Structures are given as structure tokens and as C-alpha cells.
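Visitor: Could you take me on a close look at one covered part of this protein, and then show me what lies around the rest of the fold? I would welcome the cut-offs as you go.

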Amino acid sequence: MRLVQFCHHGDGGVTRVGVEQGEGLGVVDLKAFDPSMPSTMRGFLELGAAGLECAQRALSSGRCVVVRSDIQLLSPITAPEKVIGVGLNYRDHCLEQNAPIPKEPIIFSKFPSAITGPYDDILLPAESQEVDWEVELAFVIGKRGKHIKEEDALSYVAGFTVANDVSARDWQMKRNGKQWLLGKTFDSFCPLGPALVTTDAVTDPHRLAVSCLVNGDVVQSSNTDQMIFKTQALVSWVSKFVTLTPGDVFLTGTPPGVGVFRKPPIFLKRGDVVQCQIEQLGSIINKVI
């Protein structure tokens, strides 16, 4: 299934959870189908199997469908407890910067306030002159867990989506003691979407074409088979340190082609349009303002 968060135009931004009938097609409003359904994806995921069963019934019913022109798609998850990033997790990305292959995952975080929608604007901050793009496969946790075994880890994943780990390289690499947090967490620096595609609907999350275009030009093109630490390893590793809860977002790293390592470096400017796309998941398109 393709789960989404949306709001109706002119509805004051009230969040609803829905199921897409197909990529780009109508959306079944779960709360209209069953008034007991939560209004947020995080609340929906906390229902576990009962929520997914209701969503499947709603999708099969063909009822309570809203047309795309009447709604705005939001990020499929908002206000998660955690947004967990993974650095240097593509072999080809390590090669482009002559970095050694990590022996264990490199973990950082973004504040949840950085999350923005699949078609919302990226706000270029006055504090940075080196804002860069990073297309990434993201996944969302579906149930609570700690010390999760790698062989059980996928059962803790609700689904996958597309992310842009927008990064201010000056703050990431030169300022703030080279701690990554500030450079990664400006408002709007985490576009997500367009849908949360459930794990059963993705044939193999580690064999998906992934690309990023800036103003229509391909700047990143790779495959998730280049990931060093796969989804299961990341869930198991991070759960050694923190309890994972429904709605937690993981950004799994980016392939080569980012602006900072180009010669000369290229950074985003106002008016640029960034499109991140992943096979089977869809694409997000964000204008820089």
C-alpha cells in the first residue's frame, strides 16, 4: 500500500491519513471510511496490524475517495520522535571523496522540525552559502523495539519513502566544531514523500534505482545496492543505543554526485528545482526559495 498524509484545500491544514489508489491517483480518506482512525500517520502506525487491516479494507472498498486536485500531500510522517541520518553509507559516495569504507554505521540526527512535504519549498537560509542536495532512501519504523536482532529488523519497518537530506556544507564541514547537526537541520531541510510505501509493496529495497535532478539535469544516479549497511543492519545497530518507536525516520545515506565534491563545487540557489526519485516509491519535487 501507499500510505499518505494530506489535507483538503481550504480546510485549515487539518491532517488526514489516506491510501493512494495508485501513484498519482485518488486517495481513500481513512477517517471518512472509519471515524475511529487517527488523523496522523504516527497515530496510525501505533495501531499496528489493526491499522493496516483497516487501510486495506478501505482501499478495497473503493469508497471515500478524494481526488488529487482537492488535496495537498504532506510529508507521509510529521512530528516523529526521531530523525536518524546515516553518513557515508554508499560505496560509490565514499569513492568520490576518497573516504574509507566505514566499519560501522556513522549516525547523526536531524530535528523533526526540518521535515517538509514532498512538493513544499526548500528555504535557503541566510546563514549558509553552501546548501547541497542528497537524494536518499528513507524508511519509517512501525513498532517499538530495543536491541532488535538483524534477522527480525524488517518486521519493525512500516515502509519506505523518498528523502532529500538537504545539507548546509559550510556548517557541516567547517563550522560548529564540524558537528553535523546544525548543517543538517535548518527548517525545510528534510523533504519526504510522496507516500510511505509498505514493505510488502517494495520488491527489494536494496535494489532500487535512485536519482536526483537539479533544474532537470541529472546530478545523482545510482542504486540502493551500493548501500554499505542495509536496512536490517541499521535498525539493529541504532536499537542498541535507543528505543525505536513508531514513526521514527531513518535516512539511509546518499550516492555520489552531491554539489560539494564537484569541481568546482555547485550549491543550490533561489529558483532551483530539486527532484529526488526512487524506483517503486515515486518522486519529490521541491523549489528552492
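Guide: Let's start with helix 7, residues 231-238, which is mostly covered, with six of its eight residues buried. Helices (H or I, at least four residues) and strands (E, at least two) are DSSP runs numbered from the N terminus; buried means under 20% relative accessible area, exposed over 50%, and partly exposed in between, with a 1.4 Å probe and protein chains only. Please keep in mind that this is a predicted model, in which local features need pLDDT of at least 70 and side-chain atom pairs count only at pLDDT 80 or more, while totals for chains, interfaces and linings use all residues. Residues are numbered from 1 along each chain as its sequence is written, and side-chain values use heavy atoms, leaving out hydrogens and water.

The buried residues of helix 7 are Thr231, Ala233, Leu234, Val235, Ser236 and Val238. Their cover includes strand 6, strand 7 (106-110), strand 10 (135-141), strand 11 and strand 16 (249-251), where contact means heavy atoms within 4.5 Å.

A pocket is an open set of points on a 1 Å grid over the protein atoms alone where a 1.4 Å probe fits, with protein on both sides within 12 Å along at least five of seven lines; lining residues have an atom within 4 Å of a point. The largest pocket holds about 280 Å³ of space, and among its 18 lining residues Gly48, Leu52, Gly142, Val157 and Ala158 lie nearest the centre. Helix 3 provides the largest share of this lining, three residues.

Helix 3 itself, residues 49-61, has 13 residues and reaches 18 Å from its first C-alpha to its last, close to the 18 Å expected at 1.5 Å a residue (1.5 Å times one less than the number of residues). Its buried residues are Gly51, Cys54, Ala55 and Ala58. They sit on the same side of helix 3 because they cover an arc of only 100° around the axis, an arc taken from the directions from the helix axis to the C-beta atoms. The face turned away from that buried side carries the exposed residues Ala49 and Ser60. Covering the buried residues of helix 3 are, among others, strand 1 (2-8), strand 2 (16-20) and helix 2 (41-46). After helix 3 comes Gly62, with a positive phi near 75°.

Strand 6 brings us to another opening. About 220 Å³ of space lies in the second largest pocket. It has 18 lining residues, and those closest to its centre are Leu88, Arg169, Gln172, Met173 and Trp180. Strand 6 (83-87) and helix 5 (169-173) are the elements that give two or more residues to this lining, and helix 5 gives the most, with three.

In the loop between helix 5 and helix 6 (181-184) you will find Lys178, which has a positive phi of about 65° although it is not a glycine. Lys178 counts as exposed, at 56% relative accessibility.

Technical notes: Points joined across faces, edges and corners; volume = space filled by probe spheres on them.
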